[in-house]
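Please read the sequence and look at the structure below before turning to the report.

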Amino acid sequence: MKFSKEVLNMDAFLEVRRIYDFIHEMTLKNFKRKGAVIGLSGGVDSAVVSELCVRALGKERVIGLLLPEKESNPVSLQYGLKQADKMGIQTVKVDITDHLMSLKVYEKRDSVIKQLFPEFDHSYRFHVMLPQNLLEQDRLNYHSITIADGSGKSQTKRLSGKEWLEISACQNIKQRVRMIQLYYYAEKNNYLVAGTTNKTEAMQGFYVKFGDGGVDIEPIAHLYKMQVYQLANYLGVIQEIIDRPPSPDTYSLPVSDKEFYFCIDYALLDLLLYGYENNVPKNEISKVLNLEEQQIDRVFKDFKAKEQATWHLRQMPPTI
Amino acid sequence: MDIMGTIRNFVVENFLFGEGEQLKEDTSFLESGIVDSTGILELVAFIEETFGIRMADDELIPENLDSISNVVNYLQRKREALV
């Protein structure tokens with residue numbers, strides 16, 4: 001297929017049909033389960049997957065789990081509930097804050113942050129970001145932490161590798177606790193867990209092993225994020241979710257997927273990932289996307305580095 | 001030990017588990033997959049601690065960190081600037 005800005009456009013009707021056949025077949029015939037459980041994050045991926053499950057299995061066979069914690073953006077719960085209400089599915093809300101506290105997640109993580117900012121306490125919010133200048137210059141990925149007090153006054157510091165690993169290990173427990181809850185509700189109802197990882201995330205390793213990556217089926221893992229949006233519009237996902245900037249929503253201070261991981265907006269990122277995956281000549285990509293080949297080289301190096309660092313997420317555990 | 005040997009030893013011991021025969025001075029850490037982004041930050045911490053300098057954010061670029069010779073050249077430039 002010739003590379004163009006429209007290369008990711010799909011026939012949404014046919015794609016929806018294909019995916020709901022997949023969900024139907026997998027759930028009822030392969031897994032021999034009676035329905036599906038989905039974690040409703042208030043984002044577009046889980047909204048699309050739940051819409052697809054409703055079409056494939058019927059609304060009576062779909063449960064939406066809402067799994068907020070004290071640092072979640074309140075609109076995530078609000079939008080998740082509104083989307084569930086629109087589809088007419090059963091929902092269960094489990095606040096996972098107590099689970100995380102019992103594992104001392106906040107305590108362990110905050111002790112790392114306090115070493116960097118002694119004044120850090122519950123009145124502060126924080127997030128972690130990568131440098132955003134991927135297209136502009138050759139640079140390396142390093143994580144910076146920003147804390148903000150109640151008045152919005154913020155401070156930023158670079159994290160060492162050790163500090164980032166400890167903060168990240170704590171944050172990842174949030175997704176892993178959610179996975180435990182999803183499997184509890186799935187197993188007790190003889191349902192399966194439907195995952196919500198898209199292709200952009202899968203290729204670049206933007207999910208947590210045995211967290212949001214711990215699922216039974218992945219109905220949209222073959223679709224780039226912008227294709228998920230095409231389905232969201234076709235399926236009638238609520239507008240608030242479609243308009244919301246994609247975010248991991250695991251930090252108390254808002255941060256977008258772009259700021260936290262990808263460093264490029266999805267609209268451009270997906271076209272570049274397509275070019276990378278399909279070995280489209282760089283001069284062709286350059287012409288279509290109006291980028292210099294040097295910029296494409298930088299982005300491809302970043303893709304490769306993330307792909308290499310996360311290869312094990314896409315594999316079963318190696319054996320002899 | 002000279003700067004080159006110090007950096008080489010750190011990379012071989014920490015990222016290649018002692019098996020550094022194939023590591024050349026100009027081997028790209030990232031392209032060869034020897035060091036990932038977390039590893040680069042370990043390297044930065046090692047450089048800062050061993051050589052008593054602070055690397056600014058805008059110095060965290062491949063030109064300064066992506067091979068043994070890049071690190072050595074960076075440290076030499078840094079020392080010259082301090083003199």
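Predicted model: local features only at pLDDT ≥ 70, side-chain atom pairs only at ≥ 80, totals over all residues.

Chain A contains 13 helices and 7 strands, whereas the secondary structure of chain B amounts to 4 helices and 0 strands, and the elements of chain B follow one another from the N terminus as α-α-α-α. The table sets out some values for each chain.

| Chain | Residues buried | C-alpha extent along principal axes | Contacts (residues at least 6 apart in sequence) that join residues at least 24 apart |
|---|---|---|---|
| A | 54% of 320 residues | about 55 × 50 × 50 Å | 74% |
| B | 51% of 83 residues | roughly 35 × 25 × 20 Å | 49% |

How does the radius of gyration of chain A stand against that of a compact globule with 320 residues? Such a globule would have a radius of gyration near 20 Å, and chain A has 20 Å, so the two agree. For chain B the expectation for a compact globule with 83 residues is near 12 Å, and because chain B has 12 Å, this chain agrees with the rule as well.

**The nonpolar cores**

The largest nonpolar core has 44 residues, and of these Phe126(A), Ile145(A) and Leu272(A) touch the most other members. Several elements of chain A each supply at least two residues of this core, among them the strands β4 (125-129) and β5 (144-148) and the helices α5 (105-116), α6 (161-189), α12 (282-289) and α13. Helix α11(A) gives the most to this core, with 7 residues.

Which residues does Leu272(A) touch, if those up to four places away in sequence are not counted? The partners of Leu272(A) are Ile264(A), Ile285(A), Leu289(A), Leu291(A), Ile296(A), Val299(A), Phe300(A) and Phe303(A). Apart from this core there is a second, separate one of 36 residues, which includes Ile38(A), Val49(A), Ile89(A) and Leu231(A).

Tyr183(A) is part of helix α6 of chain A, and because its relative accessibility is 19%, under the 20% limit, Tyr183(A) counts as buried. When neighbours within four places in sequence are left aside, Tyr183(A) is in contact with Val193(A), Gly214(A), Val215(A) and Asp216(A). Between Tyr183(A) and His127(A) there are 56 residues of separation in sequence, and from C-alpha to C-alpha the two are 29 Å apart in space.

Thr38(B) belongs to helix α2 of chain B. With a relative accessibility of 15%, again under the limit of 20%, Thr38(B) is therefore counted as buried. What does Thr38(B) contact, leaving aside its neighbours within four places in sequence? The contacts of Thr38(B) are with Gly161(A), Trp164(A) and Leu165(A).

**Two residues with positive phi**

Lys32(A) is not a glycine, yet its phi is positive, at about 55°. Lys32(A) sits in the loop between α1 (12-30) and β1 (36-39) of chain A. Is Lys32(A) buried or exposed? Its relative accessible area is 61%, which is over 50%, so Lys32(A) is exposed.

In chain B, Phe17(B) also has a positive phi, of about 50°, although Phe17(B) is not a glycine. The loop that holds Phe17(B) runs between α1 (3-15) and α2 of chain B, and because the relative accessibility of Phe17(B) is 68%, over the limit of 50%, this residue counts as exposed.

**The second largest pocket**

The second largest pocket has a volume of about 400 Å³. Its lining is made up of 21 residues, and those that lie nearest its centre are Arg139(A), Leu140(A), Lys301(A), Asp302(A) and Leu30(B). Which helices each supply at least two residues of the lining of this pocket? They are α13 (293-309) of chain A and α2 (37-51) of chain B, and α13(A) gives the most to the lining, with 8 residues. Sorted by class, the lining of the second largest pocket has 9 charged, 6 polar and 6 nonpolar residues.

Key
Residues numbered from 1 in each chain as written. Chains lettered and ligands numbered in written order. Heavy atoms only, no water. 1 Å grid on protein atoms, 1.4 Å probe; cavity = no way out; pocket = protein on both sides within 12 Å on 5 of 7 lines; lining within 4 Å. Points joined across faces, edges and corners; volume = space filled by probe spheres on them. Nonpolar A, V, L, I, M, F, W, Y, C, P; charged D, E, K, R; others polar. Buried < 20%, exposed > 50% of the residue type's maximum accessible area, 1.4 Å probe, protein only. Core = buried A, V, L, I, M, F, W, Y, C linked by side-chain atoms within 4.5 Å. Contact = heavy atoms within 4.5 Å. Rg over C-alpha atoms; globule rule 2.2 N^0.38 Å.
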